[in-house]
Structure formats: structure tokens, C-alpha cells
Amino acid sequence: TTPPLMLPYARAARGTAETEAALVIFEDAMGAHASPKQRAQLRQLCCELLCARGAWERAMPYLREAAASTLVDLEWIDWCPLLRGLRDREDFAGCRAQVAARSAEIWQL
């Protein structure tokens, strides 16, 4: 993720209004010129921001989309404390399985 996108992320830690503004910026950054890897990283950030606000229903689609595309960050899936509220959800296990399979392919090279 590029440094200019980190400022809105950091500001979002301050409150809900800043979170909504950051989500708009990240959604725009996921446009046609973003690589699949960049989109997955931005979806991770969106997911984290929403989890930090307890917006689990809104966070889950970002996780699903990232897992279905190029996300390989299994450590994030397993250990990010912000995702704690998502881990008990039925569809979380499917997302984790997708990321685990992709991660395993990379580490077997």
C-alpha cells in the first residue's frame, strides 16, 4: 500500500467519520489501474477499519473478495486481533481455506 493511502488509514483510527472517508478513498484506489494484489491489500485495510468499528457485516464482504482474489496473508487471517469478531462466522472458515491454499502453493515453490 502506498504511503498516501496510509494517512487516511491512520486518521480512520480516530473515529467513524474518518473511517467512512478512508473507505471512499480505498474504494477509489481499487479502480481499473490497481493491480489484483493492490486491490487485495486495500480490501484488507477496509476490513480492518470496519472490524475496528465493530461493523462485522460490512467487513465480511471485503474479506470474502480479498480471499477470492489474490490474498496470501495467512498470518493476517490467523492473528490480526481486529478480525477476532469475524473468526466465529460460518463464512470465515471458507475464506481462510482459500487463503491457506494459495499460501501453501507459494511456500511449496
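A residue is taken as buried when its relative accessible area is under 20%. In the predicted model described here, glutamine 44 has a relative accessibility of 10% and therefore counts as buried. Glutamine 44 belongs to helix H3. Apart from neighbours within four places in sequence, glutamine 44 is in contact with Leu71, Asp73 and Trp76.

When neighbours within four places in sequence are left aside, the contacts of serine 103 are Val72 and Leu74. Tryptophan 79, in helix H5, has a relative accessible area of 64% and is therefore exposed, the cut-off for that class being over 50%. Tryptophan 79 and serine 103 are 24 residues apart along the chain, and their C-alpha atoms are separated by 15 Å.

In soluble globular proteins, nonpolar side chains tend to be buried together. The largest nonpolar core of the model contains 32 residues. Phe26, Cys47, Leu63, Trp76, Ile77 and Leu86 are the residues with the most contacts inside this core. Two or more core residues are supplied by each of helices H1 (3–12), H2 (16–29), H3 (36–52), H4 (56–68), H5 (74–79) and H6 (90–107). H3 provides the largest share, with 7 residues. For leucine 63, residues up to four places away in sequence were not counted; the residues touched are Cys47, Leu71, Trp76, Ile77, Leu86, Phe92 and Cys95.

The packing of helix pairs was then considered. Two packed helices are described by the angle between their axes and the distance between the axes. For H2 and H3, the packing angle is about 165 degrees and the axes are 10 Å apart. Angles over 145 degrees count as roughly antiparallel, so H2 and H3 are roughly antiparallel to each other. Their crossing is left-handed. On the H2 side the contact involves Thr19, Ala22, Leu23, Phe26 and Ala29, which meet Leu42, Leu45, Cys46, Leu49 and Leu50 of H3. The residues of this contact comprise 9 nonpolar, 1 polar and no charged.

H3 also packs against H4, at an angle of about 160 degrees and with axes 8 Å apart. This angle makes H3 roughly antiparallel to H4. The crossing of H3 and H4 is left-handed. From H3, the residues Ala40, Arg43, Cys46, Cys47, Leu50 and Cys51 meet Trp56, Arg58, Ala59, Tyr62, Leu63, Glu65 and Ala66 of H4. The contact of H3 with H4 consists of 10 nonpolar and 3 charged residues, with no polar ones. Cys46 and Leu50 of H3 take part in the contacts with both H2 and H4.

The axes of H4 and H6 are 9 Å apart and form an angle of about 30 degrees. Because angles under 35 degrees count as roughly parallel, H4 and H6 are roughly parallel to each other. H4 passes H6 in a left-handed crossing. Met60, Leu63, Arg64, Ala66, Ala67 and Ala68 of H4 make this contact with Asp91, Phe92, Cys95, Gln98, Val99 and Arg102 of H6. By class, the residues are 8 nonpolar, 1 polar and 3 charged.

How values were computed
Residues are numbered from 1 along each chain as its sequence is written. This is a predicted model: local features need pLDDT of at least 70, side-chain atom pairs count only at pLDDT 80 or more; totals for chains, interfaces and linings use all residues. Side-chain values use heavy atoms; hydrogens and water are left out. A nonpolar core is a set of buried Ala, Val, Leu, Ile, Met, Phe, Trp, Tyr and Cys residues joined through side-chain atoms within 4.5 Å. Buried means under 20% relative accessible area, exposed over 50%, partly exposed in between (1.4 Å probe, protein chains only). Helices (H or I, at least four residues) and strands (E, at least two) are DSSP runs, numbered from the N terminus. Contact means heavy atoms within 4.5 Å. Axes are lines fitted to C-alpha atoms, for helices over the stretch in contact, and angles run from 0 to 180 degrees between N-to-C directions. Angles under 35 degrees count as roughly parallel, over 145 as roughly antiparallel, 65 to 115 as roughly perpendicular and the rest as oblique. A crossing is left-handed if the near helix is turned anticlockwise from the far one by less than a right angle, and right-handed if clockwise. Ala, Val, Leu, Ile, Met, Phe, Trp, Tyr, Cys and Pro count as nonpolar, Asp, Glu, Lys and Arg as charged, and the others, Gly among them, as polar.
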